[in-house]
Amino acid sequence: MKLHTYFRSSASYRVRIALQLKGLPYEYLPVHLVRGEHKAPAYASHVGDALVPSLETDDGHWLTQSMAIMEYLDETHAAHPLLPADALGRAHVRALAQMVACEIHPLNNLRVLKYLVHELKVSDEAKTGWYAHWARSGLEAFERQLALLDAERKAGGLPPSVFCWGDVPGMAECCLVPQVFNAQRFAVNLDGLPRLMEVVERCNAMPAFQSAHPSACPDAE
């Protein structure tokens with residue numbers, strides 16, 4: 001497989017974590033977003049939205065959107081499932097992942113921040129404030145959801161979760177860890193999020209997450 005990725009893209013980071021958790025080898029193909037390489041015909045002609053990540057499968061199909069790519073990997077490679085075996089658990093994990101991918105990330109990705117500055121003419125201070133507001137409010141919601149899920153597990157006689165849901169990292173952590181990395185880059189206040197940060201710290205101690213980290217990427221700057 002070939003992964004078209006950018007080291008600081010949180011969506012790409014998600015897929016790199018998933019590949020590492022599953023122990024799947026892949027070719028790393030950097031696409032520099034800041035330089036506009038994703039808009040070049042050689043890449044954009046294969047990807048409708050001209051974004052990263054995209055995954056070329058072993059048989060030559062191009063897949064886009066990180067959530068769809070992770071689902072594909074889970075359906076085609078059984079090792080280290082990214083979703084629980086039961087329907088309720090899968091729904092919980094998908095919901096947590098989508099709290100990041102659908103609620104936080106779209107408001108804070110590079111093209112949105114560039115539009116704020118170049119088209120709407122907001123100041124760097126206002127742009128940073130925009131980022132911090134949406135990242136913090138989204139992560140607070142994530143923390144509240146973890147508390148609700150902890151209570152649900154207790155009420156149902158299940159052991160406490162070690163990660164977001166259960167005792168192994170999966171799709172929720174693939175989304176959460178990159179989002180927290182980005183929040184830290186922008187100096188977002190992460191105080192008062194103990195359950196969430198405990199999960200992140202536990203993930204970042206694992207080799208799969210370390211290997212997928214932006215600093216470990218060949219195109220890191």
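**Salt bridges and helix packing**

Modeller: Let's begin with E221 and R35, which are both exposed. Keep in mind that this is a predicted model.

Colleague: What do the side chains of E221 and R35 do together?

Modeller: They meet in a salt bridge, at 3.5 Å from N to O. E221 sits in the segment after α9 (207-212), and R35 in the loop between β2 (27-30) and α2 (41-44), so the pair ties together parts that are 186 residues apart in sequence.

Colleague: How many salt bridges turn up in the whole structure?

Modeller: A search finds six. One of them joins E71 and R94, at 2.9 Å from N to O. That pair links distant parts of the chain, with E71 in helix α3 (residues 66-76) and R94 in helix α4 (residues 87-108), 23 residues apart.

Colleague: Is R94 buried, exposed or partly exposed?

Modeller: R94 counts as partly exposed because its relative accessibility is 27%. The cut-offs are under 20% for buried and over 50% for exposed.

Colleague: Which residue does E140 form a salt bridge with?

Modeller: R136. The closest N and O atoms are 2.7 Å apart. E140 and R136 both belong to helix α6 (residues 124-155) and are four residues apart, about one turn of the helix.

Colleague: Why does that spacing matter for which way residues point?

Modeller: An α-helix has 3.6 residues a turn, so residues three or four places apart point the same way.

Colleague: And E140 and R136, buried or partly exposed?

Modeller: One of each. E140 is partly exposed, with a relative accessible area of 30%. R136 is buried, with 17%.

Colleague: What does L193 contact, leaving aside its neighbours within four places in sequence?

Modeller: R136, L139, E140 and E143. So L193 touches both partners of the E140 salt bridge with R136, and its relative accessibility of 3% makes it buried.

Colleague: Where is L193 found?

Modeller: In the loop between α7 and α8 (194-204). Its C-alpha is 8.9 Å from that of R144, and the two are 49 residues apart along the chain.

Colleague: Switching to α7. How many residues does α7 have, and how far does it reach?

Modeller: Helix α7 (residues 171-185) has 15 residues. The distance from its first C-alpha to its last is 22 Å, close to the 21 Å expected at 1.5 Å a residue.

Colleague: How many residues of α7 are buried?

Modeller: 13 of the 15, so α7 is largely enclosed by the rest of the structure.

Colleague: What follows α7?

Modeller: A187 follows, and its phi is positive, near 60 degrees.

Colleague: How do the axes of α6 and α7 cross?

Modeller: At roughly 145 degrees, and the axes come within 11 Å. The crossing of α6 and α7 is left-handed. From α6 the contact uses Y131, L139 and F142, and from α7 it uses L176, Q179, V180, N182 and A183. By class, that contact has six nonpolar residues, two polar and no charged.

Colleague: And α5 against α6, left-handed or right-handed?

Modeller: Right-handed. The axes of helix α5 (residues 110-118) and α6 come within 10 Å and cross at roughly 145 degrees. The residues in contact are V112, L113, L116 and V117 of α5, with D124, K127, W130 and Y131 of α6. By class, the contact of α5 with α6 has six nonpolar, no polar and two charged residues.

Colleague: Over to the serines. What does S10 touch, not counting residues up to four places away in sequence?

Modeller: H105, P178 and N182. S10 is in helix α1 (residues 10-22) and is buried, with a relative accessible area of 4%. From S10 to A78, 68 residues along the chain, the C-alpha atoms are separated by 24 Å.

Colleague: And where is S9?

Modeller: In the loop between β1 (2-5) and α1. S9 counts as buried at 9% relative accessibility. It touches L33 and V52, not counting residues up to four places away in sequence.

Definitions and conventions
Residues are numbered from 1 along each chain as its sequence is written. This is a predicted model: local features need pLDDT of at least 70, side-chain atom pairs count only at pLDDT 80 or more; totals for chains, interfaces and linings use all residues. Side-chain values use heavy atoms; hydrogens and water are left out. Helices (H or I, at least four residues) and strands (E, at least two) are DSSP runs, numbered from the N terminus. The expected span of a helix is 1.5 Å times one less than its number of residues. Buried means under 20% relative accessible area, exposed over 50%, partly exposed in between (1.4 Å probe, protein chains only). A salt bridge is a side-chain nitrogen of Lys or Arg within 4 Å of a carboxyl oxygen of Asp or Glu. Axes are lines fitted to C-alpha atoms, for helices over the stretch in contact, and angles run from 0 to 180 degrees between N-to-C directions. A crossing is left-handed if the near helix is turned anticlockwise from the far one by less than a right angle, and right-handed if clockwise. Contact means heavy atoms within 4.5 Å. Ala, Val, Leu, Ile, Met, Phe, Trp, Tyr, Cys and Pro count as nonpolar, Asp, Glu, Lys and Arg as charged, and the others, Gly among them, as polar.
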